[in-house]
Amino acid sequence: MAVELPLKVSPLPYPASASKELKDEQFGVVVEGVKDINNITPAEFEQIEKLLYSHDVVLFPNVHLTPAGQHALTNAFDPGAGEYGHGAVGRPEAKSILHPDLRNIPSQPAVQLIGNGPATDPNITQGLPTPVQLKHPSHQTFHKEIISDEDSEKGFTRFYRWHIDAALYERDPPKVTTLYGLGVPQGPKQICRYDDGTGDELEVPLGGTAFVSGKKMFDILPPAYKSLAVRTKVQYAPRPYIWMSPAKSNSTGLGMVSEGLEMPREDLPPFEESKVKIYPMLWKNPVTGNLHYQVHPSGVESLHIDPLPAGTAATKDTLYPDGAHLTDLKEVRDLVYKMQRPGIAPELVYTHDWRPNDLALFHNRGVLHSITGAFKPDEQRAFWQCNLASTDTPKGPSAEDVAAFA
């Protein structure tokens, strides 16, 4: 019997802006040597699964993937999972902010065609009626304050929305998202501006996908915020993508501006309280045991904070030592923003510079990600995306974790 050789693993091509910490932790790896990306062997998958949970982003350059192969690889991480992360129906409700961005591949409904411009190549559209008019989301339709047309022409852009791929209502967050680049336009690099008064900005490739580590986001918190994080659960709004649709985002793409514009509960489509999601603020990595700060800031509605554990004395810096249920939306958002913003600092962001036939897997329970850039309506960009609503819920900090950080 032939012995399978280990896969070749190397670091991602970090930009000059990346911190030494990010490189030392090897946030993201490149993997080569897979025999057939559409038929991963059990031995190959064992290596890939460990790499994903250990490094959070796994890139396979220049592979030739089919929708069936993409679904099979995605499904291997959660074999009992069956439907797309936002549901089997496909495109979310028309009022959802996700509505314009997704098209189901007919032969594999959990694989979505996303991108920009008219898609006509049958190898890309895979049975969808052509042309398929795709639309790359732009910060100009989502942020409260937008970059001027003049600055956009000069190459300035924004992070669109930092998020986790998750329905956040009824269905549980996928363990992995796979993203396959088919039509990948090349162009000059852009400058991603934070526009939050810090002066922060980051050079990004045209249409690059930005990733940050939820582990690093937790690791760099001051002790008082680590104590708060291990004691907190996050409640999301019912049907959050419809609820948030009238509101606008912060200029960093990290959470929403609080102006009271969210859709009132009585105006939402019917929902069940039992399907509203409450998750730990920190999600425990099943392989490394690390804690990842995993909060989708746009959908947060309230915070449930446990008191300090018995025998733990509060200090002058301890936040909510007796516990609390925070329901004031602005207070909730401001607190989450204060905890997450350091984790999207320019030196902690890896933005992938897509090449045709790149396949990226990312640990959806361990990273936040955002698209960047803007395209004209006729500029063509095409990707297949797949993630599957999970069969289990994310695990939070253990009793030992709470004792260590509270």
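A residue is termed buried when its relative accessible area is under 20%. In the predicted model examined here, Cys192 has a relative accessibility of 0% and therefore counts as buried. Cys386 likewise counts as buried, because its relative accessibility is 0%. A disulfide is a covalent bond between the sulfur atoms of two cysteines. A search of the whole structure for such bonds returned zero disulfides.

Burial was also examined in helix H7, which spans residues 223-230. Seven of the eight residues of this helix are buried, so H7 is largely enclosed by the rest of the structure. The buried residues are Ala224, Tyr225, Lys226, Ser227, Leu228, Ala229 and Val230.

Three cavities of 30 Å³ or more were identified, and the largest cavity has a volume of about 460 Å³. Its lining consists of 29 residues. Nearest the centre of this cavity lie Ile114, His163, Asp165, Ile371 and Gln385. At least two lining residues are supplied by each of strand E5 (108-119), strand E8 (176-183), strand E20 (367-371) and strand E21 (381-387). Strand E21 gives the most to the lining, with four residues. By class, the lining of the largest cavity comprises 14 nonpolar, ten polar and five charged residues.

The analysis then turned to open spaces. The largest pocket holds about 670 Å³ of space. This pocket is lined by 28 residues, and those closest to its centre are Gln190, Ala374, Phe375, Lys376 and Glu379. Two or more residues of the pocket lining come from each of strand E6 (132-134), helix H5 (149-153) and strand E7 (156-157). Helix H5 provides the largest share, namely three residues. The lining of the largest pocket contains eight nonpolar, twelve polar and eight charged residues.

Ser251 was examined as an individual site. This serine is located in the loop between helix H8 (240-243) and strand E13 (278-280). With a relative accessibility of 14%, Ser251 falls under the 20% cut-off and therefore counts as buried. A polar atom of the Ser251 side chain lies 2.8 Å from the backbone oxygen of Tyr194. The side chain of Ser251 also reaches the backbone oxygen of Asp195, at 2.8 Å. When residues up to four places away in sequence are not counted, Ser251 touches His143, Arg158, Arg193, Tyr194, Asp195 and Asp196.

Particular backbone features were found in loops. The peptide bond from Thr130 to Pro131 is cis, with omega near -5°. Pro131 belongs to the loop between helix H4 (122-125) and strand E6. A positive phi of about 50° was found for Asn62, although this residue is not a glycine. Asn62 occupies the loop between strand E3 (57-60) and helix H3 (67-76). The relative accessible area of Asn62 is 54%, and this residue is therefore classed as exposed.

Tyr320, which is not a glycine, also has a positive phi of about 50°. The loop that contains Tyr320 lies between strand E16 (300-305) and strand E17 (324-326). Because its relative accessible area is 26%, Tyr320 is classed as partly exposed.

Methods: Residues numbered from 1 in each chain as written. Predicted model: local features only at pLDDT ≥ 70, side-chain atom pairs only at ≥ 80, totals over all residues. Heavy atoms only, no water. 1 Å grid on protein atoms, 1.4 Å probe; cavity = no way out; pocket = protein on both sides within 12 Å on 5 of 7 lines; lining within 4 Å. Points joined across faces, edges and corners; volume = space filled by probe spheres on them. Nonpolar A, V, L, I, M, F, W, Y, C, P; charged D, E, K, R; others polar. Disulfide = S-S within 2.5 Å. Buried < 20%, exposed > 50% of the residue type's maximum accessible area, 1.4 Å probe, protein only. Polar contact = N/O pair within 3.5 Å; in protein donor to acceptor, adjacent residues only side chain to side chain. Contact = heavy atoms within 4.5 Å.
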